[in-house]
Amino acid sequence: MTVLGIETSCDETSASVVSDDGRVLSSIVRTQTSLHRPYGGVVPEIASRAHLETLPTAISEALGAAGTAWGDIDTVAVTYGPGLASSLLVGFSTAKGLASALGKPLCAINHLQAHIFSPFLSPGAPSFTDTCPFVALVVSGGHTCLVRVEGLGRYRLLGETIDDAAGEAFDKGANLLGLGYPGGPAMDRLSRSGNPAFVDFPQTRVKPQSPPEGCDPALCFSYSGLKTSLLYYLRRNPIEEGSPDKASIAASYQEAIVDSLVDRCRRAMRGVGALAVGGGVSLNSRLRTKLAALAEEMSFRLLMAEPKYCADNAAMIAGLAAAGQGIRGAAVYGLDIEPSLAVTD
Ligand code: KG4
Ligand code: ZN
C-alpha cells in the first residue's frame, strides 16, 4: 500500500508519499511564513488561498521525488482536524477529489495523533506498537498536551494547556522582545548567548479545580501569566538598544517554558518506558537538551521527531495511515473537517 499524504491544517502546505512498510519516499513542505510575517501571525484567508495555489504543485513534486506514478497510489490520506477551518477544507476537498478520481480509498487523519506518530517515521526508529504503552508530548503553536498511548488508536489525555500553547507563548514573548515572527526559532537562537537565570519568571501551576475534564492538574500547562510577567518586567526594565540583557531575558523566558514542559514530563514518566515528542516547539534546542537529561536521569527512552518532521508535514499523515490508522471506508464519506478535533477523537 503506497499512501499519498496531504496536510494543510495551518500554514504549511505539504504532500508526501510513504510506502506500505512505513518508509518516507518523499516529503514536500512549503511554508507560508513570509506571507504571514507582516501581520505577526497566521491570517486564515491568506493561508487558505496559499494552500489552493501551492497544493497541486506540492503533490506533483511529492510524486516525482518518490518516483511514484498516480496509478501506484493505493490510499489518499489527509488531515481532517484540528486546525483552521478554511485551510483544512482545501486539503480535505483536494484529497476527496483525488481519491474519487483515482478510485482509491480516502483515509482521514487526526493531526495531533500524527504529531505523536512523527518520531516513528525515521529509519531506525522502533515500531510504534512495540513501544506502547508510552507517553507522548505534543508541543506546537496551537497545542500543548501530554497523552498516554496504549496502542494505535488508543489515546488517553493526561494533561493539556488551559490557555496558550507553548509555541504561542514563544511567539508572544518574542513579539514583546521585538524578535519578529515566528518567535520560537528567534528566541531559541538569541537565548544561546543569554543567562537563563537572569530573571526568575514564574511557572504557573494549574489550580486543582480548573483542569480540563479527565486531566490531572499536575500534568496541565498554563502560559498566559508568564507572558504577562514578561510584559510587566519589560515595562519596569526597558531594554536599551544593543544591551546584552536582551539575550538573558529571552533565555530566562525560554527557560520558564522549557522547565514547565520538562516538569510535567517528569511527573508523567513515573513507571513509563518511553516518551515520544513532536510538534514545532520540539525543535527547541534547550528543550531537546533538557529532555535528554531527564531521559538519562529517569532511564526512559526518548523518541524525538527528527527536525524535518517536528513542524507540520504530510509524512506524519501518510505514515499514520500506512500504519493502519485513520477513518476510512463508508465512515469517511459522512465526515467533514473538524477544526476542534481532540487528540483522543
Ligand atoms: O507544529 P507547528 O509547525 O505548527 C502548529 O501546528 O502549530 O509549530 C509552530 C510553532 C510556532 O509557535 C513556532 O514559534 C514554534 O513552533 N517553534 C519553536 C521553534 N521552532 C518553531 N519554538 C521554540 N523553539 C524553536 N526552535
Ligand atoms: Zn501541528
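A polar contact is a pair of N or O atoms within 3.5 Å. The views below come from a predicted model.

**View 1. Polar contacts reach ligand 1.**
Start with asparagine 284. One of its polar side-chain atoms lies 3.0 Å from a nitrogen atom of ligand 1. Glycine 142 places a backbone N or O atom 3.2 Å from an oxygen atom of the ligand. Glycine 184 also uses a backbone N or O atom, and the distance to an oxygen atom of ligand 1 is 3.1 Å. How much of ligand 1 does the protein bury? Ligand 1 taken alone exposes 550 Å², and the protein buries 88% of that.

**View 2. A shell of residues surrounds ligand 1.**
The ligand is surrounded by 19 residues. The closest are Gly141, Asp171, Asp188, Gly280 and Asn284. Sort the shell by residue type and you get 5 nonpolar, 10 polar and 4 charged residues. Which elements give two or more residues to this shell? They are helix H4 (111-117), helix H6 (166-176) and helix H7 (183-191).

**View 3. Helices H8 and H9 pack together.**
Helix H8 covers residues 224-236, and helix H9 covers residues 245-268. They pack at an angle of about 160°. Their axes are 11 Å apart. Are the two helices roughly parallel or roughly antiparallel? Angles over 145 degrees count as roughly antiparallel, so H8 is roughly antiparallel to H9. Their crossing is right-handed.

**View 4. Helices H2 and H3 pack together.**
Helix H2 spans residues 44-66. It packs against H3 at an angle of about 30°. The axes of H2 and H3 are 8 Å apart. Angles under 35 degrees count as roughly parallel, and therefore H2 and H3 are roughly parallel to each other. The crossing of H2 and H3 is right-handed.

Look at the bond that joins glycine 81 and proline 82. This peptide bond is cis, with omega at about -10°. Where is proline 82? Proline 82 sits in the loop between strand S4 (75-81) and helix H3 (85-102).

Proline 133 belongs to the loop between helix H5 (128-131) and strand S6 (134-139).

**View 5. Serine 299 has a positive phi.**
The phi angle of serine 299 is about 55°, although this residue is not a glycine. Serine 299 lies in a loop. Helix H10 (285-298) is on one side of that loop, and strand S10 (301-304) is on the other.

Technical notes. Residues are numbered from 1 along each chain as its sequence is written. Chains are lettered from A and ligands numbered from 1 in the order in which they are written. This is a predicted model: local features need pLDDT of at least 70, side-chain atom pairs count only at pLDDT 80 or more; totals for chains, interfaces and linings use all residues. Side-chain values use heavy atoms; hydrogens and water are left out. A residue is near a molecule or strand if one of its heavy atoms lies within 4 Å of it. A polar contact is a pair of N or O atoms within 3.5 Å; within protein, one must be able to donate a hydrogen and the other to accept it, and residues adjacent in sequence count only if both atoms are side-chain atoms. Accessible areas come from the Shrake-Rupley method with a 1.4 Å probe; for residues, only the protein chains shown count as cover. Helices (H or I, at least four residues) and strands (E, at least two) are DSSP runs, numbered from the N terminus. Ala, Val, Leu, Ile, Met, Phe, Trp, Tyr, Cys and Pro count as nonpolar, Asp, Glu, Lys and Arg as charged, and the others, Gly among them, as polar. Axes are lines fitted to C-alpha atoms, for helices over the stretch in contact, and angles run from 0 to 180 degrees between N-to-C directions. Angles under 35 degrees count as roughly parallel, over 145 as roughly antiparallel, 65 to 115 as roughly perpendicular and the rest as oblique. A crossing is left-handed if the near helix is turned anticlockwise from the far one by less than a right angle, and right-handed if clockwise.
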